[in-house]
Amino acid sequence: MPAIVETRGLTKVYEDGTEALKPLDLSIEEGEILALLGPNGAGKTTLISMLCGLVSPSGGQALVGGHDIVASYRQARRMIGLVPQEIALEPFQKVWDSVRFTRGLFGLKRDDAHLEAVLRQLSLWDKRNNRVVELSGGMKRRVLIAKALSHRPRVLFLDEPTAGVDVDLRRDMWEMVEELRRDGVTIILTTHYIEEAEAIADRVGVISKGELLLIEEKDALMVRMGRKTLRIDLRAPVRAVPDGLARYDLELAADGESLSYHYDTMGEGTGITALLQDLAREGLALRDIHTRQSSLEEIFVDLVKGEAQ
Amino acid sequence: MNWQAVWAIYTYEMRRFIRTFAQSFLSPVLSTSLYFVVFGTAIGSRIDQVEGVSYGAFIVPGLIMLSVMTQGISNASFGIYFPKFIGTIYELLSAPVNFLEIVLGYVGAAATKALFIGLVILGTASLFVDLTVMHPGAMLAFLLLTCLSFALFGFIIGIWAQNFEQLQLIPLLVVTPLVFLGGAFYSISMLPPAWQTVTYFNPVVYLISGFRWAFFGAADVPVGISLMAICGFLALCLLVIGWIFRTGYRIKP
């Protein structure tokens, strides 16, 4: 797959000296869904804003569909749809006029059939003659998406699409993303809801303090970084981990009733068999055992914490 | 050129004007009528002629200029400030449009509105006084140039302003006094010589004088200088806009 978005040393330093984005090399393939994770102020929005033309890069280069975002900004921007983080809409405009306005800005002739399809897909068709001010927050967010889709973008940027959105709309949004992907649209979303990235992304990038810490296939990342935990509930509480089990990395719960053992399924051996045998040898009776896969959230927290130290 | 985008911005702005058409149309008619009742009839009846013209007719060009300048500024400044204020500016910046196209859309619409209001005032005034326009071509040219340059000036204010107070500041504290002291309601020759000299530093004097010349053939300053003044102001605004365009001043960090 060819890269549809490519950055080479793209960087942003604001006038006050803040380095919002350190030189970044990034390649996004056509048709993929990339989730950019990171805490607030990590540089996610700065990156998107530069690619979309809201912020001027301080250095480096970025191409969208092979077009330089500065030198060939018209060709580059024609391929891009942007759904901003904040709800920014003219309150007295009708939904239909608002969507048509965006299409006009992109230099395209009227195409009522396309706009109708977009509004129907987003359950906005019945509201087309309503003024924006009459809509609920969720509906306004749908209008922002409809505007971004009015010119059939090939790359869609969703900046925190589900921040403060109810469960229904979040599900709808994920479905819509799936549909767009089927049409071959590349989707780049920023989020700090990790479950969102877990649910819909193909690849995950983690940004912290203006730096891309990693970018990897989501599934591979979860296997590579994910640790499994074995929790052993004991029949009778113990005060301390018995000396005979010292060679295992065991954590004793505060109440002394369970032991946690971390292991890696990718490693040579998990050590589970030996551990269970040694537990029996130490005379510990087991009540139950559980295993748990660490979530993307835990991986993310570990990463960002590791960076902070 | 992305003309489709220019048209989209222009019609968007004009739609706002049409939505409030009654207000846009009636307020200049009303205020002009009031000026005529107060200045034209009550005070004007005690003033003979000014430069060979009845006082009622004499103030018409100034009245038109007063409205055209303030309307051009307020429409264009609000037009570009509002998207900044509510955040919809993101749409303009992320669309395949350049700054020239944005300026054309907003300034074109603001100038159109100012022109419309200027013509409404001219129509209303002609109901109160006998008006003959000696140089209709020059009259129209002055009117158009003023609409355009003050709309550009308003656009600059709208980009510069960071709150509603700043948006009002220049029109209120600079433009209105300059227009009132620019000979809208009197001839410069009526002032003591010292004040006449001061007045010549007021750029608005040249615009009103030139515009009045187009109506009556008489002026405070030679019409050529008036024309140069308005063209100079236009060029100055274009230079500033060009600088904003290059630096992304206050719109694009």
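This is a predicted model: local features need pLDDT of at least 70, side-chain atom pairs count only at pLDDT 80 or more; totals for chains, interfaces and linings use all residues.

Biologist: Fine. How many residues of chain B are in contact with chain A?
Modeller: On the chain B side there are 20, and they touch 24 residues of chain A.

Biologist: Which elements of chain B give two or more residues to that side?
Modeller: Helix H1 (3-19) and helix H4 (89-94) of chain B. By residue type, that side of chain B has 12 nonpolar, 6 polar and 2 charged residues.

Biologist: What does the secondary structure of chain B come to?
Modeller: We get 10 helices and 2 strands. Reading from the N terminus, the order is α-α-β-β-α-α-α-α-α-α-α-α.

Biologist: And how compact is chain B?
Modeller: As compact as a globular protein of its length, because its radius of gyration is 19 Å, close to the 18 Å that the globule rule gives for 253 residues. The C-alpha trace spans about 60 × 40 × 35 Å along the principal axes, and 44% of the residues in chain B are buried.

Biologist: OK, the core. Which residues have the most contacts inside the largest nonpolar one?
Modeller: That core has 144 residues, and the ones with the most contacts inside it are A:Val64, A:Phe157, B:Met65, B:Tyr106, B:Ala151 and B:Phe155. Helix H3 (residues 55-86) of chain B gives the largest share, 16 residues.

Biologist: What is B:Tyr106 in contact with, leaving aside neighbours within four places in sequence?
Modeller: B:Ile9, B:Glu13, B:Ala76, B:Gly79, B:Ile80 and B:Phe155.

Biologist: Switching to chain A: is strand S7 covered on one face or both?
Modeller: Both. A:Val155, A:Phe157 and A:Asp159 are buried on one side, and A:Leu156 and A:Leu158 are buried on the other.

Biologist: Which way does strand S6 of chain A run against S7(A)?
Modeller: Parallel, joined by 4 bridges, with A:Val83 standing opposite A:Leu158. S7(A) also pairs in the parallel sense with strand S8 (residues 186-191) of chain A, over 5 bridges. There, A:Val155 stands opposite A:Thr186.

Biologist: So where does the chain go between S7(A) and S8(A)?
Modeller: Through helix H6 (residues 167-182) of chain A, in a right-handed β-α-β crossover.

Conventions. Residues are numbered from 1 along each chain as its sequence is written. Chains are lettered from A and ligands numbered from 1 in the order in which they are written. Two residues are in contact if their C-beta atoms, placed from the backbone, lie within 7 Å. Ala, Val, Leu, Ile, Met, Phe, Trp, Tyr, Cys and Pro count as nonpolar, Asp, Glu, Lys and Arg as charged, and the others, Gly among them, as polar. The radius of gyration is taken over C-alpha atoms; the globule rule is 2.2 Å times the number of residues to the power 0.38. A residue is buried if 20 or more other C-beta atoms lie within 10 Å of its own, exposed if 12 or fewer, and partly exposed in between; C-beta atoms are placed from the backbone. A nonpolar core is a set of buried Ala, Val, Leu, Ile, Met, Phe, Trp, Tyr and Cys residues joined through C-beta atoms within 7 Å. Two strands pair if DSSP finds at least two bridges between them. A crossover is right-handed if, with the strands pointing away from the viewer, the path from the first strand over the helix to the second runs clockwise.
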